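Morning, everyone. I have one model to walk through. Please bring it up on the screen.

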Amino acid sequence: MPSEGRCWETLQALRSSDKGRLCYYRDWLLRGEDVLEECMSLPKLSSYSGWVVEHVLPHMQENQPLSETLPSSASASALDQPSFVPKSPDTSSAFSPASPATPDGTKGKDESQHTESMVLQSSRGIKVEGCIRMYELAHRMKGAEGLRQWQEEQERKVRALSEMASEQLKRFDEWKELKQHKEYQDLREVMEKSSREALGHQEKLKAEHRHRAKILNLKLREAEEQRVKQVELERLRKEEGQVRLRALYALQEEMLQLSQQLDASEQHKGLLKVDLAAFQTRGNQLCSLISGIIRASSESGYPTAESQAEAERALQEMRDLLMNLGQEITRACEDKRRQDEEEAQVKLQEAQMQQGPEAHKEPPATSQGPGGKQNEDLQVKVQDITMQWYQQLQDASMQCVLTFEGLTNSKDSQAKKIKMDLQKAATIPVSQISTIAGSKLKEIFDKIHSLLSGKPVQSGGRSVSVTLNPQGLDFVQYKLAEKFVKQGEEEVASHHEAAFPIAVVASGIWELHPRVGDLILAHLHKKCPYSVPFYPTFKEGMALEDYQRMLGYQVKDSKVEQQDNFLKRMSGMIRLYAAIIQLRWPYGNRQEIHPHGLNHGWRWLAQILNMEPLSDVTATLLFDFLEVCGNALMKQYQVQFWKMLILIKEDYFPRIEAITSSGQMGSFIRLKQFLEKCLQHKDIPVPKGFLTSSFWRS
């Protein structure tokens with residue numbers, strides 16, 4: 001093509017020029033080569049010259065008619081196309097100058113042929129050079145863009161690494177802080193543990209100190225109590241000595257009075273068949289004996305119990321002596337009277353024989369009851385042996401009161417405090433008895449038993465013992481018995497089921513401490529004489545209020561309690577008594593007999609049926625007694641018990657009904673219906689509230 005020829009010619013001309021033979025590089029400054037060496041070498045075209053001649057110039061010639069004024073723009077736009085990017089730098093070798101190995105002939109021929117076509121205008125060379133520079137500029141810009149992107153990527157990576165390092169540093173700080181917190185916590189726990197151990201050691205030392213102080217206080221208290229006890233014993237010894245001395249003086253005074261009576265019997269000397277001088281001589285010896293005892297006791301300080309007993313034996317002998325003398329005098333007087341009567345009878349018979357016989361009168365016939373049977377009256381008074389037993393219990397109770405009279409009348413604050421503590425320790429446990437569990441009842445029993453045994457018990461936050469006072473045991477026994485009876489009078493009267501737990505504790509205490517049982521009976525007989533049974537009689541000169549109190553009524557301000565309330569209290573005490581005689585403490589000694597068993601219940605029932613009934617009282621007490629104790633008596637006496645019930649129905653009911661008014665028939669009807677039901681079913685039911693084996697397992 002002509003254009004291609006001209007291009008080659010232009011290139012050949014440029015190569016042949018002085019400037020074309022120059023060899024230069026744009027990066028020669030970077031390489032540091034000598035400029036003169038470049039000038040001396042042969043000129044070379046750029047490696048991009050062939051690509052420019054092949055691709056750029058033809059397009060520029062075609063577009064030149066359209067716009068020759070904008071060659072830069074067209075070149076720039078052409079450089080932006082991807083097709084203008086050289087595929088390989090090796091293509092530039094095709095456009096390099098002719099190889100020097102070519103023969104000279106051939107070379108000259110070619111140069112001559114293409115001389116005209118290689119001649120290029122200077123403006124085109126400038127355009128080519130501009131295109132080359134624009135390409136280089138684009139290449140640098142592309143490299144700069146890549147470098148910028150690479151830098152941005154590296155910056156992003158650096159930022160990511162920095163953030164990751166920052167997070168790791170935070171984690172490290174957190175871990176370090178956690179480790180420090182854990183070490184601080186461990187140190188704190190160690191310090192707290194050490195502090196606790198120190199406090200525990202300190203508390204242990206305090207406890208040991210308190211224990212030692214308590215032991216010392218106990219020893220001091222014991223020493224003080226021992227001293228007080230010794231002082232009290234010395235005082236009691238002196239008081240007892242003075243009492244014995246006064247008793248000896250009283251015995252001597254009575255002895256002298258008996259001696260005077262012995263001397264006064266001189267007037268009957270003519271009637272006596274015995275020697276009166278022997279009685280008088282022995283009386284004088286006994287008086288001298290008592291005088292010697294008193295003289296010896298005064299010299300030794302105070303009389304002993306043996307001296308007092310010897311004086312009492314002497315006085316008793318003097319009494320017996322005087323009694324024997326009195327019997328002799330009585331016998332002599334009786335013989336004298338009988339002799340006088342016989343003489344008078346003889347004289348009367350002699351007079352009758354002189355006057356003539358008279359008609360003899362027959363004695364009147366014995367009164368007969370209905371049906372031809374003799375009307376036998378029941379007793380009004382109790383048997384003598386029962387009254388003796390009743391009087392012995394009352395005397396024992398009175399003697400117990402006299403024993404602790406010094407404690408109750410003492411004005412010493414310490415003695416008053418001891419008395420109050422002992423009274424609370426004795427009465428409060430009894431007040432706590434009710435239909436509760438058996439284990440709780442056992443605790444109450446053990447507490448009462450410990451108190452009576454002299455062991456210390458807790459009461460009101462203080463330790464209490466009967467050994468705190470010599471009269472403490474008597475006082476506690478009396479108050480305990482009084483409280484048991486009062487519970488029957490109040491608690492059992494309102495709640496009949498409460499009789500059994502109270503009775504079982506009372507029975508157990510009675511078995512271990514018999515004196516308490518005797519005091520319980522004494523209090524019971526005094527408040528409810530029908531439990532003997534005993535019907536007090538009105539004596540001449542007795543105040544009506546005193547008689548009502550003897551019957552069991554409460555009299556306050558000259559006002560007697562209502563009959564219903566009276567019967568309620570009597571019923572409660574009889575129910576308690578009926579429960580006591582049939583119950584035993586389950587943890588006691590079963591080999592021993594009951595201290596006051598069912599035989600006393602049989603005796604009470606037999607004696608009350610042998611006495612005239614009282615209106616409203618007898619029916620009420622019989623019903624309460626049989627309802628509580630009837631089942632136990634039925635099992636114990638069997639046929640004999642049923643005979644007694646039939647006797648009550650057939651013989652005793654008419655007597656009760658005869659003295660009962662229409663307004664008092666309630667108790668009689670209740671008793672009658674109860675007995676008729678029992679006789680009909682041939683059985684007496686177990687009383688309500690009776691303590692079974694399951695009660696003690698609870």
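Where is the place of Glu-489? It is in helix 14, residues 472-494. Helices here are DSSP runs of H or I with at least four residues, strands are runs of E with at least two, and both are numbered from the N terminus.

Before I go on, the ground rules. This is a predicted model: local features need pLDDT of at least 70, side-chain atom pairs count only at pLDDT 80 or more, and totals for chains, interfaces and linings use all residues. Residues are numbered from 1 along each chain as its sequence is written, and side-chain values use heavy atoms, with hydrogens and water left out.

Now the overview. The protein chain has 23 helices and four strands. It runs to 698 residues, and 33% of them count as buried. Buried means under 20% relative accessible area, exposed means over 50%, and partly exposed is in between, with a 1.4 Å probe and protein chains only. Take contacts between residues at least 6 apart in sequence: 75% of them join residues at least 24 apart. A contact is heavy atoms within 4.5 Å.

Back to Glu-489. Is Glu-489 buried or exposed? Glu-489 is buried, at 7% relative accessible area. Leaving out residues up to four places away in sequence, Glu-489 touches Lys-527, Gln-554, Arg-569 and Met-573. With Gln-554 there is a side-chain to side-chain polar contact at 3.3 Å. A polar contact is a pair of N or O atoms within 3.5 Å; within protein, one must be able to donate a hydrogen and the other to accept it, and residues adjacent in sequence count only if both atoms are side-chain atoms.

Next, the salt bridges. The rule is a side-chain nitrogen of Lys or Arg within 4 Å of a carboxyl oxygen of Asp or Glu. By this rule the count is 27. Glu-561 is buried at 13%. Arg-569 is buried too, at 6%.

Compare two other pairs. Arg-227 and Glu-224 form a salt bridge at 2.5 Å, N to O. Both lie in helix 7, residues 122-264, three residues apart, about one turn of the helix. Arg-227 is partly exposed at 46%. Glu-224 is partly exposed at 40%.

Then Arg-655 and Glu-612, at 3.5 Å, N to O. Arg-655 sits in helix 21 (639-659) and Glu-612 in the loop between helix 19 (598-609) and helix 20 (617-637), so this pair ties together parts that are 43 residues apart in sequence. Arg-655 is partly exposed at 27%, and Glu-612 at 26%.

Last, the backbone. Which residues does a cis peptide bond join? Val-532 and Pro-533, with omega about 0°. Pro-533 is in the loop between helix 16 (514-527) and helix 17 (544-550).

Two positive phi values are worth a look. Ser-558 is not a glycine, yet its phi is about 65°. Ser-558 is in the loop between strand 3 (555-556) and strand 4 (559-560), and is exposed at 57%. Lys-682, also not a glycine, has a phi of about 55°. Lys-682 is in the loop between helix 22 (665-681) and helix 23 (693-697), and is exposed at 61%.
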